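Dear colleague,

I am passing on the structure below, together with some notes on what came out of going through it. Please read the notes with the coordinates open beside you.

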Amino acid sequence: MLKNNTQELLDFINKGKTAFQSTYELKSILDMQGYSQIKEEDKWDLKKGEKYYVIKNDSAVIAFEIGSGEIEKDGFRLIGAHTDSPGFRIKPNPEMLVEGHYLKLNTEVYGGPILSTWFDRPLSIAGRVTLKGENAFKPKVKLVDVNKPILIIPNLAIHMNREVNDGYSYNKQKDTLPLVTIANTDYSENVVVNKLEKDGYLLKLIAETLKVDYKDILDFDLFLYEYAEGMVIGLEEEFISCGRLDDLWMVFAGLKALINSNNIKATKVLVALDNEEIGSSTSQGADSSILESILERITLGLKKEREDFKRALSNSIMISADLAHAIHPNYIEKCDPTSKPMLGKGPVLKIAASGSYSTDSYASAVFKGICEKAEVPCQVFVNRSDLRGGSTIGPITASKLNIPVIDMGAPVLSMHSIRELASVRDNEYTIKAFTEFFAN
């Protein structure tokens, strides 16, 4: 079972190159499991025991199974995570010709990646492309994955940058732009420049990949990703080395729990939203009305009233699942002196006096009880008092829905690196805990 779940996780992440690809991989799995897609513009007529999902902006999914009980009494049981990961987004008009010879792409940083880890690695491009449609208000949308190692961000040789090992500060506009090709040296410099400006190297590449006319491409949401896939490593194959574990790992674990758990009285909901890494303030992010709106429409779709929705919220609880920092073997001083999560020792509750995590003693007690029932070990993370940590969708959701939200995550090293490091055993532990959360 350990190996099966680990390989499924790797397959899921390897296909989920961006939030867009991850969303449609979720859709594919949900379709196979008998879930029906419903759209926000349609009138909803929902039935107990039936399974549904909604896609928002091609990059977020909310999937749910209607419980057997009365929703105003039994409420919602939610697991929330996010589909996006830190990295680089390609800017409009990105082609930059250097010395009439090298062609590189202009990018901007998305979220908070560890920049140095993106250097000297074969990279590719994936995301979403919008094209001309019959109606200007409804352009056509296609997902694209070049799926070839076409880019690289080369390091500057140490002979020219003696400070690189002494805490070098990378310039995000200068140092991190990826090299894509060598310009056609059969042309003079001016002709090459004109050709690139007129035709657009990137648009032609995307058009060729999608088999469309590049003139039909109106815009794009394109991101870089590491071409090498995730893998199991370690002397005993105990580690997972993979990009985008934050937070596709928790999306995957929540999906497995949703699919594997039996129907219960409460309505089970998997919430996979986008843009957490940049603050969640988008229509498909946690700081929008999307989740509250969908939950209310579930209630109304069951022929209940708005007051029943408010009653349902009062009987609901959520897990905000985002990864947690494990103690680093080379930097043990960076960890809190009394709370030291480790790889392979189970899911981690995340607590902060600042409110950057939503776990309080009530939420903590619930999760500890779930882990005990599932026979899963449980750890606790708090930041050192002299270090500022991150946040999650937990506090946002707790304040919008006014429900208890458990902030937790599986332990990980190298968070926000192009390749993060996790434990095979923690994947199993987290799936078991989430399945128990959805079980009764």
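F437 counts as buried, because its relative accessibility is 2%, where buried means under 20% relative accessible area, exposed means over 50%, and partly exposed lies in between (1.4 Å probe, protein chains only). F438 is likewise buried, at 0% relative accessibility. This is a predicted model, in which local features need a pLDDT of at least 70 and side-chain atom pairs count only at pLDDT 80 or more, while totals for chains, interfaces and linings use all residues. Residues are numbered from 1 along each chain as its sequence is written, and side-chain values use heavy atoms, with hydrogens and water left out.

The whole structure holds nine aromatic pairs, a pair being rings of Phe, Tyr and Trp (its six-membered ring) with centres within 6.5 Å, called stacked if the planes are under 30 degrees apart, edge-to-face if over 60 and tilted for the rest. One of them joins F119 and Y170, and it is tilted because the planes stand at 35°, with the ring centres 5.0 Å apart. This pair links distant parts of the chain, 51 residues apart, since F119 sits in the loop between strand 6 (102–110) and strand 7 (123–131), and Y170 in the loop between strand 8 (140–145) and strand 9 (179–182); helices (H or I, at least four residues) and strands (E, at least two) are DSSP runs numbered from the N terminus. F119 is buried at 7% relative accessible area, whereas Y170 is partly exposed at 22%. The rings of F437 and F438 also make a tilted pair, with planes at 45° and centres 5.7 Å apart.

R77 lies over the face of F437, 5.8 Å from the ring centre, a charge being over a ring if NZ of Lys or CZ of Arg is within 6 Å of the ring centre and within 35 degrees of the ring normal. R297 lies over the face of W44, at 4.3 Å from the ring centre, and W44 forms one aromatic cluster with Y52 and F64.

An open sheet of nine strands runs in the order 1-2-3-13-4-14-18-16-17, with mixed pairing, where two strands pair if DSSP finds at least two bridges between them. Its edge strands, each pairing on one side only, are strand 1 (36–37) and strand 17 (379–381). Strand 1 runs parallel to strand 2 (residues 51–56), joined to it by two bridges, and Q37 stands opposite Y53 in strand 2.

Best regards
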